[in-house]
Amino acid sequence: MCNGETKAATSTAAPHVALLSSPGMGHVAPLAELARRLHEAHGFTATVLTYASSDSAAQRAFLASLPPAVGAASLPAVPLDDLPAGSAIETLLSVEAQRSVPALTAMLTDLRSTTGNLVAFVADLFGADALRAARDAGVPGYLFFPSNLLMLSLMLHLPRLDAELAATVGEFRDMPEPVRLPGCVPVPGADILQPLQDRTSDACRWMVHHGERYRDAAGILVNTFDAVEPGAAAVLRRPEPWRPPVYPVGPITRRPATTAADDGDASGCVEWLDAQPERSVLFVSFGSGGALSAAQTRELARGLELSGARFLWVVRSPVDDAGAGDTNPGESYYDGSKSTDDPLSYLPAGFVERTKAAGRVVPSWAPQARVLAHRATMAMLTHCGWNSVLESVVSGVPMVAWPLYAEQRQNAVLLCEETRAALRPVVRGADGMILAEDIAEVVKEMTHGEKGAAARAKVEELREAAASALRPGGVSYETLAEVVSKWKGAAH
């Protein structure tokens with residue numbers, strides 16, 4: 001009798017999926033938006049699982065804004081105080097995920113019982129060890145990869161590449177030729193993922209570990225779409241016995257709020273943009289975790305002033321100032337995005353006053369999705385974080401690529417050399433400094449030059465391709481529908 005009752009519950013309950021996000025809004029937001037899409041387009045209910053370390057007011061508010069069918073739950077805290085001081089963000093994320101497996105197994109087992117129809121578990125890129133919890137709970141385990149196919153291909157091939165480096169030059173940066181992955185743009189070794197630049201580091205060892213564990217997934221959903229990197233899509237869509245199936249289902253981006261009350265735009269960015277001419281403003285933002293040195297901040301200010309362009313600049317405190325809030329870019333993965341002092345105090349004397357007719361500077365944060373969607377935004381100077389790239393593309397906004405850390409340098413190579421939706425300033429200063437004159441030159445080229453016009457045309461083409469991909473019958477929509485069909489079929 002009990003078995004019959006269980007089958008009846010399974011057949012009538014909406015399919016349910018549990019999704020586990022690594023700490024940080026850059027991870028939580030796309031995974032939660034995937035849950036929203038599964039609900040709205042395919043009738044799923046969902047639970048977004050987060051780690052205790054990522055709890056913040058911003059995260060709680062975001063998760064509360066999701067539909068009632070998309071719930072949220074937090075895993076209990078695990079000890080991390082035994083790790084060495086200054087451990088890399090990749091190490092912290094990985095250890096927390098590994099130590100949370102027992103609690104996650106219990107939570108998935110409970111969800112399977114209470115929902116009556118838990119059809120899949122999805123973890124993001126640092127959650128490969130969490131697939132063990134799904135297996136132990138009797139649930140199919142998938143990965144959601146919030147970056148692009150270039151980055152995924154690197155991770156899938158990383159165990160082999162790491163072994164080859166150990167036997168040859170030792171480090172990616174010392175490779176005489178670019179890294180060539182099937183279907184992908186060649187990437188100079190020095191531009192490969194930052195944690196891999198020191199193979200002796202714990203961070204690198206963890207990334208190799210994840211690359212090995214990715215093969216345990218039943219499938220990998222990727223937040224990209226074919227038109228952005230068609231060569232890689234053609235290769236990775238083909239089944240291969242040595243890796244899981246790959247499903248490009250993007251772009252999955254955070255939806256812009258419609259009013260200042262919804263997104264907390266106390267700085268009045270959108271109101272200022274309302275007064276600017278169509279497609280005239282360069283939006284300058286390095287994301288929630290991106291900050292420059294004090295010297296580079298001043299150089300960027302000089303470059304914007306020299307360019308004469310209209311700009312909206314989100315200024316963050318420098319990374320090399322003892323009083324600044326973000327001395328470690330990775331810290332913002334955990335605790336949100338605001339500097340602890342006054343970032344505007346680091347700008348050159350008189351800069352704000354001299355540029356007030358054309359420019360607007362705001363401290364720490366702006367409603368990025370609303371800014372990018374605004375008619376006055378012409379281009380974005382960006383750190384090339386993949387969430388920001390996709391938000392730019394879906395809004396038809398070309399980019400000036402200024403990568404800082406993580407996989408951003410290889411993203412910049414992809415955007416400039418293959419996708420051609422971005423321009424990149426020349427780096428001629430000591431220690432990688434980008435000089436004011438070169439900043440002004442790339443901004444002028446984006447605003448008035450032939451390369452800028454070509455980038456605008458390309459990104460408009462990508463905007464249309466993204467919209468088409470997400471509509472019923474589009475390639476990304478149908479790819480996600482294929483995964484959904486597998487999940488629903490496995491439940492019966």
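Let's start with the second largest pocket, which is lined by 23 residues, and Gln296, Trp402, Pro403, Leu404 and Gly432 lie nearest its centre. By pocket I mean an open set of points on a 1 Å grid over the protein atoms alone, where a 1.4 Å probe fits, with protein on both sides within 12 Å along at least five of seven lines; lining residues have an atom within 4 Å of a point. The space in this second largest pocket is about 450 Å³, a volume being the space filled by probe spheres set on the points, which are joined across faces, edges and corners. Its lining has 14 nonpolar, six polar and three charged residues; here Ala, Val, Leu, Ile, Met, Phe, Trp, Tyr, Cys and Pro count as nonpolar, Asp, Glu, Lys and Arg as charged, and the others, Gly among them, as polar.

Please keep in mind that this is a predicted model, where local features need pLDDT of at least 70, side-chain atom pairs count only at pLDDT 80 or more, and totals for chains, interfaces and linings use all residues. Residues are numbered from 1 along each chain as its sequence is written, and side-chain values use heavy atoms, with hydrogens and water left out.

Now, the sheets. Helices (H or I, at least four residues) and strands (E, at least two) are DSSP runs numbered from the N terminus, and two strands pair if DSSP finds at least two bridges between them. Inside it, five bridges join β8 (residues 281-285) to the parallel β11 (residues 377-382), and leucine 282 stands opposite alanine 379 of β11.

The other sheet I'd like to show is open too, with seven strands in parallel pairing, ordered β3-β2-β1-β4-β5-β6-β7. At its edges are β3 (70-74) and β7 (246-248).

And the helices? α2 and helix α3 (residues 57-64) have axes that come within 11 Å and cross at roughly 5°; axes are lines fitted to C-alpha atoms, for helices over the stretch in contact, with angles from 0 to 180 degrees between N-to-C directions. The two, α2 and α3, are therefore roughly parallel, the word for angles under 35 degrees. Contact (heavy atoms within 4.5 Å) involves Met25, Val28, Ala29, Ala32 and Glu33 of α2, with Ala58, Gln59, Phe62 and Leu63 of α3. By class, the residues of this contact are seven nonpolar, one polar and one charged.

Key:
Parallel < 35°, antiparallel > 145°, perpendicular 65-115°, else oblique.
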